[in-house]
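Take a first look at the structure below.

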Amino acid sequence: MADNNKIYDIDDGTCKERIIIFAAALDGYTRNGQEYSDRDSVDKSLDELTELLDTAGAETVGRLVQSRDKIANDLYLGSGKVAELKEMIIALDATGVCCDDELSPAQLMNLTDELQIKVMDRTMVILDIFASHAGSYEGKLQVELAQLKFRATRLVGMRESLSRLGGGIGTRGPGEKKLEIDRRVIRDRISKLKGELREVVLQRQQQRKQRERTAIPVISIVGYTNAGKSTLLNKITDAGVLSEDKLFATLDPTTRGYKLPGGSKVLFTDTVGFIRKLPHHLVDAFRSTLEEAKYSDIILHVVDASDENADENMATVYEILRKLNIDENSEKTIITVFNKIDLVRDKDILGSIKDLKAERTHYISAQTGEGIESLIEDIEDILRNRKTYIRQTFPYSEAGKPALIHKYGEVITEEYLEEGIFVEAYVPKDILGRL
């Protein structure tokens, strides 16, 4: 295929991969935990795959969908559709194809043999994005562990493509170090990575214990990828976190302190975004990071109100929270924030978007700041209801106790009297004993 027809990225001059995406539409069937009832749902999933490929640096040049009763064990698609896919590759001068579902090793190998071109699946693309976006030491360990676990099951299917590929989607991370890697080496590396991650997890647990001792409430921001979580964190705390209109723009969790209007301090923690068909290897590898929501006081669930798939995205978020043993039946307070209302032209639509699993809901724009003040007031109200109201006079010899209230509580009145310091405040139950 002629190289002169390829699309080149203007920013760095590198050749963009030209990808054809494909999927099977199974009416009334469930696969990979995702139920498909009609062609529209498959098309929506392929639209998202197009965004994923764009984030990974590739261009989607075509798509193919086949309606089937069940997935073909050998080629995923029927032989006729595979032949049609082969014709599309030539006609569109594609450099690769990508399946919207996770291919088995046999399917991957057979399709590669049939098409004589690079074959990928959705999981490979997501893993590739994580590999290129992970910045922290922990994030890199988590991504490499997920990649190696994934590749350990795919060595047969990737036998030729690993030796033939010189770069591009699906080859970043550990694949660049040693392409023809065997199971023994992968197993040893996985064992080493797990050991290093255990140390990181212990550090994270110590940080959580420290937060519990200081009684500072933690608010975890969760949501579908590109819902505006990082933008919201930046707007509230001036965190300066990278915020782009791309899927998985930020992976590494960021925690920032913030003083509520009443004077109480809280911590906001941004977490990795969720997505449909999030590879289970990633959920396992990122469990310690995702579990930040499990140990928080409030979950701030951010939803893109301008997305026509908002309801499905919310369902995906709750499904992943359930995998982390966090659901609507737990004692966790969930505030759902419908973001990007500045992008919603028909405001009447906002009234039809609801989250029945949330304790409270807000409609905001993290970009313009609309609705943020009301959200902060609501957060303060929830936290105040968990505190104990006190009216007490402390002798001057115990001046450190009012200081403790200032640090962790919400002071309403403070007066310096002859007999001591009078304080009226809301105090976290955790520090009552120290007073």
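What follows is a short tour of selected residues and contacts.

This is a predicted model.

**Salt bridges**

How many salt bridges does a search of the whole structure find? The search finds 22. Side chains of opposite charge can pair when their charged atoms come close.

Start with R18 and E59. They form a salt bridge, and their closest N and O atoms are 3.7 Å apart. R18 sits in strand β1 (residues 18-25) and E59 in strand β4 (residues 59-67), so the pair ties together parts that are 41 residues apart in sequence. Is R18 buried or exposed? R18 is buried, because its relative accessible area is 11%. E59 has 28% relative accessibility, so E59 counts as partly exposed.

Next comes R63. Its side chain meets that of D43 in a salt bridge, at 3.8 Å from N to O. D43 belongs to helix α1 (residues 39-56) and R63 to strand β4, so this pair ties together parts that are 20 residues apart in sequence. R63 also forms a salt bridge with D47, and there the closest N and O atoms are 2.7 Å apart. D47 lies in helix α1 while R63 lies in strand β4, so the pair ties together parts that are 16 residues apart in sequence. R63 counts as partly exposed because its relative accessibility is 33%. D47 counts as partly exposed because its relative accessibility is 39%.

Some salt bridges join into a network. Which residues are linked in this way? They are K44, E48, D100, D101, R122, R276, K277 and E312.

Now turn to D270. This residue lies in strand β9 (residues 265-270). D270 is buried yet has no salt bridge. Why does D270 have no salt bridge with K229? K229 is the nearest side chain of opposite charge, but it is 5.2 Å away. What does the side chain of D270 make a polar contact with? The partner is the side chain of S230, at 2.9 Å.

On the surface, positive charge gathers in a patch. The patch is made of K259, K265, K407 and R434. R434 is placed in the segment after β15 (421-428). Its relative accessibility is 43%, so R434 counts as partly exposed.

**Positive phi angles**

Most residues other than glycine have a negative phi. Two residues here go the other way. Q116 has a positive phi, near 55°, and is not a glycine. Where is Q116? Q116 is in the loop between α3 (105-115) and β6 (118-121). Q116 counts as exposed because its relative accessibility is 56%.

N226 is not a glycine either, and its phi is positive at about 70°. N226 is found in the loop between β7 (218-223) and α8 (229-237). Is N226 buried or exposed? At 19% relative accessibility, N226 counts as buried.

**Distances across the sequence**

The table lists pairs of residues with their separation along the chain and the distance between their C-alpha atoms.

| Pair | Separation along the chain | C-alpha distance |
|---|---|---|
| A83 and L115 | 32 residues | 8.4 Å |
| T55 and I126 | 71 residues | 9.5 Å |
| D238 and Y258 | 20 residues | 9.5 Å |

A83 lies in helix α2 (residues 79-91). A83 is partly exposed because its relative accessible area is 40%. T55 lies in helix α1, the helix that also holds D43 and D47. T55 has a relative accessible area of 10%, so T55 is buried. D238 is found in the loop between α8 and β8 (254-259). Is D238 buried or exposed? D238 is exposed, because its relative accessible area is 69%.

Key
Residues are numbered from 1 along each chain as its sequence is written. This is a predicted model: local features need pLDDT of at least 70, side-chain atom pairs count only at pLDDT 80 or more; totals for chains, interfaces and linings use all residues. Side-chain values use heavy atoms; hydrogens and water are left out. Patches are made of residues with over 30% relative accessible area and no salt bridge: like charges are joined within 9 Å, nonpolar side chains (Val, Leu, Ile, Met, Phe, Trp, Tyr) within 5 Å. Accessible areas come from the Shrake-Rupley method with a 1.4 Å probe; for residues, only the protein chains shown count as cover. A salt bridge is a side-chain nitrogen of Lys or Arg within 4 Å of a carboxyl oxygen of Asp or Glu. Lys and Arg count as positive and Asp and Glu as negative; His and the chain ends are not counted. The place of a charge is taken as NZ of Lys, CZ of Arg, CG of Asp or CD of Glu. Helices (H or I, at least four residues) and strands (E, at least two) are DSSP runs, numbered from the N terminus. Buried means under 20% relative accessible area, exposed over 50%, partly exposed in between (1.4 Å probe, protein chains only). A polar contact is a pair of N or O atoms within 3.5 Å; within protein, one must be able to donate a hydrogen and the other to accept it, and residues adjacent in sequence count only if both atoms are side-chain atoms.
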